[in-house]
Amino acid sequence: MNEANPIILAIESSCDDTSAAVLKGKKVLANKTATQGVHAEFGGVVPELASRAHLQNIIPVIDQALKEAGVDKKDLEAIAYTQGPGLLGSLLVGGTFAKTMAMSLDIPIIEVNHMQGHILSHLIEDDFSSPEFPFLCLTVSGGHTQIVLVKSSYEMEILGETIDDAAGEAFDKAAKIMDLPYPGGPLIDKNAKDGDALKFSFTEAKVGKFEFSFSGLKTSFLYFLQKEMKKNDQFIKENLNDICASIQHAIVETLIKKLKLAIEETKVKHIAIAGGVSANSSLRSRLFELAKETNTKAHIPDFQYCTDNAGMIGIAAYYKFLESEFGSIETVPNPRLKF
Ligand code: KG4
Ligand code: ZN
């Protein structure tokens, strides 16, 4: 066994992406993801369809990852999987597969918290530099929006989070109101590139210092569009880019404002973003501006590690492997897993 550079197979199946990665130490040898197109026509993830698609995808995805990594399953030293948070049926597929495979190979299982995976994706040994501890991570996905103080690879403190919708949900719901297909976040980002972010403004929620609330924004966005469409039923079509840029601006500025408050309070020197919304081009550029303004260093994960992927589960598993923090066959998935 190569303790410093263990070969780990990681499996991620918490939502609608089936992903497998093979790592040697902190290096990702392969990271393969099957994205489920089946949900687009429903305007959101349908849990039962997600579980079924995971069942279909899991073997081919693992097979591809092992082949691309050039690793035989007999060389694996541990198998990691996402224990939660996520959709129960989806988690069950990855978890059951991981436990069964680990048992058959007689190697340890490692349970990973999906959100910690997103955060630790920053420590994957690649061509981007890792943040130094302690750092602040704004974790923004379809299910979460948190400001986390990351003290070490296993010590993390949530300073604040959303009290209702997540940032990704805000993007997706706004897109749905405009009849854009799911997931709408990337489409809003794309259309916003040619739009005027200051054309329309929306009221910002008043919540606790490090808390977020996006449900009011969604409602005010809906009422605004309904009112404008009554006057001109081509309003959305004629102003799509400006509307996308304006709603994106509202979401991103709220995120940046709270992160700035957290920097001032914690006095950290490194800041990061993680989760699906960290793929957003406006958030990425605003983070760098914020870093300049606050004299901190900004970190953004490589694009392939922004949205759900098994590479991030593998890096979190690597740190657990070093601590011999192995899981149990008895562990069940936890849709509301906290850290
Ligand atoms: O982390 P992730 O892949 O899955 C969850 O754990 O939720 O995040 C998915 C979310 C979706 O809401 C999607 O619309 C959003 O990330 N997203 C984006 C962009 N790319 C993905 N939101 C805004 N701009 C993007 N470029
Ligand atoms: Zn995620």
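Predicted model: local features only at pLDDT ≥ 70, side-chain atom pairs only at ≥ 80, totals over all residues.
Student: Why are H4 and H6 called roughly parallel?

Tutor: Helix H4 (residues 167-177) and helix H6 (residues 215-231) pack at an angle of about 15 degrees, and their axes lie 10 Å apart. Angles under 35 degrees count as roughly parallel, so H4 is roughly parallel to H6. As for handedness, H4 and H6 cross in the right-handed sense.

Student: What makes the contact there, on the H4 side and on the H6 side?

Tutor: H4 brings Lys173, Ala174 and Ile177, while H6 brings Lys218, Phe221, Leu222 and Leu225. Sort the contact of H4 with H6 by class and you get five nonpolar, no polar and two charged residues.

Student: And H7 with H8, why do they get the label roughly parallel?

Tutor: Try the numbers again. Helix H7 (residues 235-266) packs on helix H8 (residues 281-294) at an angle of about 30 degrees, with the axes 10 Å apart. The cut-off is under 35 degrees, and therefore H7 and H8 also count as roughly parallel to each other. Their crossing is right-handed.

Student: Which residues make that contact, and how do they divide by class?

Tutor: From H7 come Gln248, Val252, Glu253, Leu255, Ile256, Leu259, Lys260 and Ile263; from H8 come Ser282, Leu283, Arg286, Leu287, Leu290, Glu293 and Thr294. By class, the contact of H7 with H8 has eight nonpolar, three polar and four charged residues.

Student: On to ligand 1. Which residues come nearest?

Tutor: There are 19 residues around ligand 1, and Gly142, Asp172, Asp189, Gly276 and Asp308 come nearest.

Student: What is omega at the peptide bond joining Phe133 and Pro134, and where is Pro134 found?

Tutor: Omega is about -10 degrees, and that bond is cis. Pro134 is in the loop between helix H3 (114-120) and strand S6 (135-140). Another cis peptide bond joins Tyr182 and Pro183, with omega of about -10 degrees. Pro183 belongs to the loop between H4 and helix H5 (185-192).

Student: What makes Asp179 worth a look?

Tutor: Its phi is positive, about 70 degrees, although Asp179 is not a glycine. Most residues other than glycine have a negative phi, and most peptide bonds are trans. Asp179 is in the loop between H4 and H5.

Key
Residues numbered from 1 in each chain as written. Chains lettered and ligands numbered in written order. Heavy atoms only, no water. Axes fitted to C-alpha atoms, helices over the stretch in contact; angles between N-to-C directions. Helix = DSSP H or I, 4+ residues; strand = E, 2+ residues; numbered from the N terminus. Parallel < 35°, antiparallel > 145°, perpendicular 65-115°, else oblique. Left-handed = near helix turned anticlockwise from the far one by under 90°. Contact = heavy atoms within 4.5 Å. Nonpolar A, V, L, I, M, F, W, Y, C, P; charged D, E, K, R; others polar. Near = heavy atom within 4 Å.
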